[in-house]
Amino acid sequence: PARFPKHPLAARAQLRAAEALAAAKQADAAAAAYRLVTEKYPQAPEAAEARKALGDLVQTTDDPARLAATLKTLPPAERARGTLRLARLYLQQQKNTEAEAALTEALKTPAAPEITGEARYLLGAALEGLSRTAPAAAAYAEALRLQPAAPWAPDANT
């Protein structure tokens, strides 16, 4: 693809290279290669495959450091769900400060109400873990306002 970027098979070759990197468990390099497909060949059918593979990479990564690096390669519109996953991983490891930072940054960009609601809920959990009860209560209240019937709503009410 680098030598002949205008060739009709360039997008397919780049996608195959990304798939090979993913199979070799090189998630960061694979994410960069998938992103290259979506940026250089946005109209090609391979771009849709690359976007789906990027989403799958984000959902299967269990290492917060690797996930954070992969999220940086995603377009801003596609980072929201991955950031929620990153925050959940941080909260499982009781890294509340890191979860708060990731969620605060994610809430600066507009997202769907269900994503924003869950982000507020997770932010409340992170703040509660940091013994900052007043901001945690405000985050929980905002989360419940956005999504009163969410699966996490009973936890937010308590």
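Modeller: Axes are lines fitted to C-alpha atoms, for helices over the stretch in contact, and angles run from 0 to 180 degrees between N-to-C directions. Helices (H or I, at least four residues) and strands (E, at least two) are DSSP runs, numbered from the N terminus. This is a predicted model, in which local features need pLDDT of at least 70 and side-chain atom pairs count only at pLDDT 80 or more, while totals for chains, interfaces and linings use all residues. Residues are numbered from 1 along each chain as its sequence is written, and side-chain values use heavy atoms, with hydrogens and water left out.

Colleague: What makes α6 and α7 roughly antiparallel?

Modeller: The axes of α6 and helix α7 (residues 113–129) cross at roughly 150° and come within 9 Å. Angles under 35 degrees count as roughly parallel, over 145 as roughly antiparallel, 65 to 115 as roughly perpendicular and the rest as oblique. The pair is therefore roughly antiparallel.

Colleague: Which residues make the contact of α6 with α7?

Modeller: Contact means heavy atoms within 4.5 Å. On α6 the residues are N96, A99, E100, L103 and T104, and on α7 they are A119, L122, L123, A125, A126, L127 and G129.

Colleague: Why is α5 called roughly antiparallel to α6?

Modeller: The axes of α5 and α6 cross at roughly 165° and come within 8 Å. That angle makes α5 roughly antiparallel to α6. In this contact T83, L84, L86, A87, Y90 and L91 of α5 meet N96, E98, A99, A102, L103 and A106 of α6.

Colleague: Why is Q94 called exposed?

Modeller: Buried means under 20% relative accessible area, exposed over 50%, and partly exposed in between (1.4 Å probe, protein chains only). Q94 has a relative accessible area of 66%, so Q94 is exposed. Q94 is found in the loop between α5 (79–92) and α6 (96–106).

Colleague: Which residues of helix α4 are buried, and what covers them?

Modeller: In α4 (residues 64–73), the buried residues are P64, L67, A68, T70, L71 and T73. Their cover includes α2 (27–40), α3 (45–60) and α5.

Colleague: Which residues of the largest nonpolar core touch the most other members?

Modeller: A nonpolar core is a set of buried Ala, Val, Leu, Ile, Met, Phe, Trp, Tyr and Cys residues joined through side-chain atoms within 4.5 Å. Of the 42 residues in the largest one, Y34, L86, L103, Y121, L122 and W152 touch the most other members. L103 touches L84, A87, A119, L122 and L123, not counting residues up to four places away in sequence.
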